[in-house]
Amino acid sequence: MEQSASRRRTPKQQTTIGGVVLAGVIALYALARPVINERMGWNLPLLPTPAAVEDSPREHSELEVVRPADQKPVGPNAPLVPKVPARTAAKVEAQPVPASKDDTSKLVHGLLKDLGSERYVSPAGLMYTRGGAEGHRLDHLERHTVDDPSRPGKHGVFDGGMEGTLKLIDRAYDRAKTGTRTTKEIDQGRTIYTVDMGSRVGFIGGQDGNRQKRPLARRVRIVLDQNRVITAYPL
Amino acid sequence: MAKSPQHSIAHCPICGAGLCGIRICGMRDEHPHGLIVCDECEAIWTEPNISAEHQYPDAEEARCPVCTLPLWGPQSRWATFDDCSELGWIDEIDPQFDVHCDEDLV
């Protein structure tokens, strides 16, 4: 009798055990999230912090949010695409979510630092500047976040919208610098990296890709002039 | 405003994904000239032969290697079929890369 009584849990003990289990699950999720995102190409949400919870309703209420009609959301926290031009949109979408005490509200697409004169630098050190037929490298890159089914040949399309794309390119550049599953060609000052990311990063669209039912892409090609991005696309 | 080539001669042999598009420059003077420009890596050929030597423009201030005016300036655009005819490059077009839209070219 005494033994069985000792096995019975008081409500306080049950709460404590439940709390420990919950904390364990949360810790496991926090540890597994980056690995799952890396392996599966997903974008699982961060665990909410009090600041993020407080700010999140404002983020969505201030934007007209659309998804490209031909782009399926990827993962449970697929990025939302504001219906404004790439660089303007980036500033708007980055404003409402300060991730820390740092002044992240000025970051473009959530990670690019504005250096002025339409020059932006990523955390990995890649520069996005004026140039190209579109007028700015970010505007060219944006074309690789949606399919162009009428484009002759292949057209690589990144998963994850602009922010996801920029983060992925940074990851690919980090791998490229260490030579991890990377081929590197140098031609007259241009460097062409082809980086195998090990999991899906997008798909092949364009006329050829659509004929082949949009095969998945797991490699990223980055064309650089020193650290300035000329173009990047999945293949 | 077309941001992609309307008529191309090949896939880019350098980056593999771009189109080697025909571009006309010098439209505002009496010396229009043609270029082949990759719409991804921006490799440029001054003749419609991608086996020839290529070059790259400045990453931020790209200029035509023939006339040195801005590569993406108002005197230049992705060539229409008529432009290709004017350049004498009709036979260089590979029709599989054609985009059938000759409106509002820039």
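Setting aside neighbours within four places in sequence, the contacts of A:Arg137 are A:Tyr128, A:Thr129, A:Gly131, A:Gly132 and A:Val229.

## Overall composition of chain A

Chain A contains seven helices and 12 strands. Of its 235 residues, 34% count as buried. Among the contacts in chain A with a separation of 6 or more, 51% are between residues 24 or more positions apart.

Strand 7 of chain A (residues 182-187) runs antiparallel to strand 8 of chain A, and six bridges join the two. Within this pair, A:Thr182 stands opposite A:Val195 of strand 8. The two strands form a hairpin with two residues between them, and A:Gln188 in the turn has a positive phi of about 50 degrees.

Strand 8 of chain A also pairs with strand 11 of chain A, again in the antiparallel sense, over seven bridges. Here A:Thr194 is placed opposite A:Arg221, a residue of strand 11. Strands of a sheet pair through backbone hydrogen bonds, in either a parallel or an antiparallel manner.

## The open sheet 6-9-10

Three strands of chain A form an open sheet in the order 6-9-10, with antiparallel pairing. Strand 6 (155-158) and strand 10 (216-217) are the edge strands, each pairing on one side only.

Four bridges connect strand 6 of chain A with strand 9 of chain A (residues 202-205), and the sense is antiparallel. In this arrangement A:Val157 faces its counterpart A:Phe203, which stands opposite in strand 9.

## The largest nonpolar core

The largest nonpolar core comprises 62 residues. Those with the most contacts inside it are A:Ile169, A:Ala172, A:Val220, A:Ile222 and B:Cys12, a list that includes residues of chain A and of chain B. Helix 6 of chain A (residues 161-178) gives the largest share of this core, seven residues.

For B:Cys12, the contacts beyond four places in sequence are B:Ala17, B:Gly18, B:Leu19, B:Cys20, B:Cys38, B:Glu40, B:Cys41 and B:Ala43.

## The interface between chains A and B

At the interface, 24 residues of chain A are in contact with 21 residues of chain B. On the chain A side, the elements that give two or more residues are strand 8 (190-196), strand 11 (219-225) and strand 12 (228-234). Strand 12 of chain A gives the largest share of that side, with four residues.

By residue class, the side of chain A that touches chain B divides into seven nonpolar, eight polar and nine charged residues.

## Positive phi values in two loops

A:Glu118 has a phi near 60 degrees, a positive value in a residue other than glycine. A:Glu118 lies in the loop between strand 3 (113-116) and strand 4 (119-121) of chain A. This residue is partly exposed, because 16 other C-beta atoms lie within 10 Å, a count between the limits of 12 for exposed and 20 for buried.

B:Thr68, likewise a residue other than glycine, has a positive phi near 65 degrees. B:Thr68 is located in the loop between strand 4 (44-45) and strand 5 (77-78) of chain B. With 8 other C-beta atoms within 10 Å, B:Thr68 is exposed, since that class applies at 12 or fewer.

## Confidence of the prediction

The predictor assigns the complex an ipTM of 0.92 and a pTM of 0.70. Chain B has an average pLDDT of 92, and 92% of the residues score at least 70. In residues 102-106 of chain B, however, the pLDDT is below 50, although this stretch has 13 contacts in the model beyond near neighbours in sequence. Where pLDDT is low, the predicted coordinates should not be read in detail.

Note on methods
Residues numbered from 1 in each chain as written. Chains lettered and ligands numbered in written order. Predicted model: local features only at pLDDT ≥ 70, side-chain atom pairs only at ≥ 80, totals over all residues. Contact = placed C-beta atoms within 7 Å. Nonpolar A, V, L, I, M, F, W, Y, C, P; charged D, E, K, R; others polar. Pairing = 2+ DSSP bridges. Core = buried A, V, L, I, M, F, W, Y, C linked by C-beta atoms within 7 Å. pLDDT = per-residue confidence, 0-100.
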